[in-house]
Amino acid sequence: MATWTNETAKSALLEMFSAAIKSADPHAALLDALPEKPLGRCIVVGAGKASAAMAAALEAAWPDVPLSGVVVTRYGHAVPTRQVRIIEAAHPVSDSMSEVASMLILESLKNLNPDDLVIALISGGGSSLMALPRTGIKLADKQTVNKALLRSGATIQEMNTVRKHFSDIKGGRLAQAALPAKVVTLVISDVPGDNPEDIASGPTIPDNSTIEQVKEILTRYHIDLPEHVAQVLSQKRETVSKSDIQVDVRMIASPSKSLLNAAAIAEKMGITPLILGDALEGESAQLGIMMAGIARSVKYHGLPVKTPAVLLSGGETTVTIGGGCAKRGGRNTEFLLSLANALAGETNIWALAGDSDGIDGTEDAAGAFVLPDTLLRAQHAGINGKQMLAEHDSYTFFAALKDLIKTGPTLTNVNDIRAIFIV
């Protein structure tokens, strides 16, 4: 295409974003990863934003196998199933249904034998959705610590290390409860590096983290524990080790696969894709500044890729609120507002960033667009982009410009997809 407009560029970016999400559709991704059908019973358990869709896909793939079990997903992410019970709970901070679902999941695993098969359907978000506090710790304690971690800027790996040691179901304990049955875990990854220990806090995966690491994380982020919680942690009961459980983990979708799908779409459009990585982390606003610099280098110098080009990346950034002001926004809209401020109206650069599950943070949008005239339109509307970034009010900024992307729940989750298009 010789001349790109805002509308044609937005359409191209949205097609890449949609292709990335489509590659993680459980109905397509799950089929090639299924184990042999069991001689005994088949119990289906799971947690995550994609778990209900994964359960429905399993039922469709195995219509001749009697299934039972329980999976928990986020409110609004349930789908109809015939045999597997679907429960909805809260994300990103657990609620009482998270605890109820965990107890029902463990109940479904009682009295199994070696001929039985447990299929664990695990995807992003499962850590808060399946929350069973460790004996001596209350759900309110976990909620308080989790909220503090979310505001602190801790990485997802650090948060999950803490969650595992506060739990009676994470860090391999779900698989331990299923013994002596065989456990096969089907995973849709949403974490940098695709480490299954980090996805939903690894409920079926042996864990290498320690109580001492938990204490170091809490100290570093200045998170104080109630005295009774600190006393429980002082008992030094570790998570489940490799000697305790056997692991059969099958990754059915991941950020890297989704980025490759988006890249293939770009190539068909005559746009050169450059995948910068599927595991980018750090502060959303800082990443926006860095990406603006790379985009300018591409535009003016053809480095590290010649135009027309699209810079693709994934991963999970953080937004550190601390004790400051926070209004409405998620890590993707925060990244985009920082990018827009840094680009300062640069022509021929467009961008999209969104969470593949359709929900950026706790809002009703997946993400948003940045266009060359984003700041100009904001100025005409009396909106100060730098001030709104300082107030973490990026959702309001893009809502006012009608540049939010609203997909609704996609029923999968391979984390964030970012695309910057330069001509």
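**Close-up views of a predicted model**

**View 1. Asp32, an exposed loop residue.** Asp32 is exposed, its relative accessible area being 78% (exposed means over 50%, buried under 20%, partly exposed in between, with a 1.4 Å probe and protein chains only). This residue sits in the loop that joins α2 (26-29) to β1 (42-47); helices (H or I, at least four residues) and strands (E, at least two) are DSSP runs numbered from the N terminus. Asp32 and Ile252 are separated by 220 residues in sequence and by 8.1 Å in space, C-alpha to C-alpha. The model is predicted, so local features need pLDDT of at least 70 and side-chain atom pairs count only at pLDDT 80 or more, while totals for chains, interfaces and linings use all residues. Residues are numbered from 1 along each chain as its sequence is written, and side-chain values use heavy atoms, with hydrogens and water left out.

**View 2. Gly202, a buried loop residue.** Gly202 belongs to the loop between β5 (182-188) and α9 (211-220). Its relative accessibility is 2%, so Gly202 counts as buried. Leaving aside residues up to four places away in sequence, Gly202 touches Lys164, Lys170, Gly171, Gly172, Pro196 and Glu197 (contact means heavy atoms within 4.5 Å). Thr161 is 41 residues from Gly202 in sequence, with 9.8 Å between their C-alpha atoms.

**View 3. Packing of α12 and α13.** Helix α12 (residues 284-301) packs against helix α13 (residues 331-343) at about 45 degrees, with the axes 7 Å apart. Axes are lines fitted to C-alpha atoms over the stretch in contact, and angles run from 0 to 180 degrees between N-to-C directions. Residues of α12 in the contact include Leu287, Ile289 and Met291, and those of α13 include Phe335 and Leu339.
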